[in-house]
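Below is a briefing on one protein model. Please read it with the sequence and the coordinates open.

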Amino acid sequence: MSHVQGPSSLKRKRPELNSPVQSLTEHERILYDVIRSKQDIGIWTRDMKKEAKLPDNVVNKSLKALRVKNLIKEVVNIQNKGRKHFMATEFEPSKEISGGAWYLEGSLDTEFIESLRQLCKRQIEKKGVATLEEVTDSINSYPAFNVDVTKQQIEEILRTLILDNAIMEVKSNGMGEFASIPFGKVCYRYISKGALGGEPKAGALASIPCGVCPRISHCTPDGIISPKTCVYYQKWLDF
């Protein structure tokens, strides 16, 4: 939508006579202004009473009226779930209040997290090796997944998969299966399950020394440090 509008847009709109805000009593208006001023942070009832300087019975009555008029809503503050926390309905709770994408109505959304974990694992298993950007794009284009996720969220999920030994973090050496990935870029490899006990087991390919080499950023095909002169790389080839 264009931000450039005609002259008529410069005229201040008259308040709607039927707007709930126009029907507020003096006490309701004071309380509403206090709550609305906190925007996406909201306010705890005790702090609200102190700031509004109204008696408890007046605050409770006004809160009820504001909720009926759909001007405020009660939200869950994950840092203090036992406290009543209110916010103007026009705002959505900040990450500090709601807990962010991993929380739903104040509780950790374990179902969503596990679904995302399985999708990430399948995408990496399918590709063998994948970058963070590739995994993120694959998830966001997945037909059955109707929630857009950020690279930061996917990275957090991948960290949990690394801790569970489902995948491993490696760095591209620019050769072979890494040919399409820039040299030295961090990527993720699927760890296939071994036959013994069904536990994840890294095979010879997964144990390539380049993935953990502290000098990989200085390694080039014809440089002083290179796969040709690396004794660890040669041992891996002879494995």
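**Ser172 and its polar contacts**

- A polar atom of the Ser172 side chain lies 3.0 Å from the backbone nitrogen of Gly174. The side chain of Ser172 also reaches the backbone oxygen of Phe178, at 3.4 Å.
- A polar contact here is a pair of N or O atoms within 3.5 Å; within protein, one must be able to donate a hydrogen and the other to accept it, and residues adjacent in sequence count only if both atoms are side-chain atoms.
- Ser172 is found in the loop between β7 and β8 (186-190).
- Ser172 counts as buried, at 0% relative accessibility. Buried means under 20% relative accessible area, exposed over 50%, and partly exposed in between (1.4 Å probe, protein chains only).

**Basis of the model**

- This is a predicted model: local features need pLDDT of at least 70, side-chain atom pairs count only at pLDDT 80 or more, and totals for chains, interfaces and linings use all residues.
- Residues are numbered from 1 along each chain as its sequence is written, and side-chain values use heavy atoms, with hydrogens and water left out.

**Overall make-up**

- The protein has eight helices and eight strands. Helices (H or I, at least four residues) and strands (E, at least two) are DSSP runs, numbered from the N terminus.
- Of the 239 residues of the protein, 35% count as buried.
- Take the contacts between residues at least 6 apart in sequence: 48% of them join residues at least 24 apart. Contact means heavy atoms within 4.5 Å.

**Thr136 in helix α6**

- Thr136 lies in helix α6, residues 132-140. At 5% relative accessibility, Thr136 is buried.
- The Thr136 side chain reaches the backbone oxygen of Leu132 at 2.8 Å.
- Leaving aside neighbours within four places in sequence, Thr136 is in contact with Val149, Thr150, Lys151 and Ile154.

**The three-stranded sheet**

- Three strands form an open antiparallel sheet, in the order β1-β3-β2. The edge strands are β1 (43-44) and β2 (72-75), and each pairs on one side only.
- Two strands pair if DSSP finds at least two bridges between them. β2 and β3 (residues 85-88) pair over four bridges, in the antiparallel sense.
- Lys73 stands opposite Met87 in β3.

**Helices across the sheet**

- Helix α1 (residues 26-37) lies across β1, β2 and β3. The helix runs at about 90 degrees to β3.
- Helix α3 lies across β2 and β3, at about 105 degrees to β2.
- Axes are lines fitted to C-alpha atoms, for helices over the stretch in contact, and angles run from 0 to 180 degrees between N-to-C directions.

**Positive phi outside glycine**

- Lys53 is not a glycine, yet has a positive phi of about 55 degrees. Lys53 is found in the loop between α2 (45-52) and α3 (56-68). The residue is exposed, with a relative accessible area of 73%.
- Asn165 is not a glycine either, and has a positive phi of about 60 degrees. Asn165 is found in the loop between α7 (151-163) and β7 (167-171). Asn165 is partly exposed, with a relative accessible area of 47%.

**A charge over a ring**

- Arg83 lies over the face of Trp44, at 3.7 Å from the ring centre. A charge sits over a ring if NZ of Lys or CZ of Arg is within 6 Å of the ring centre and within 35 degrees of the ring normal.
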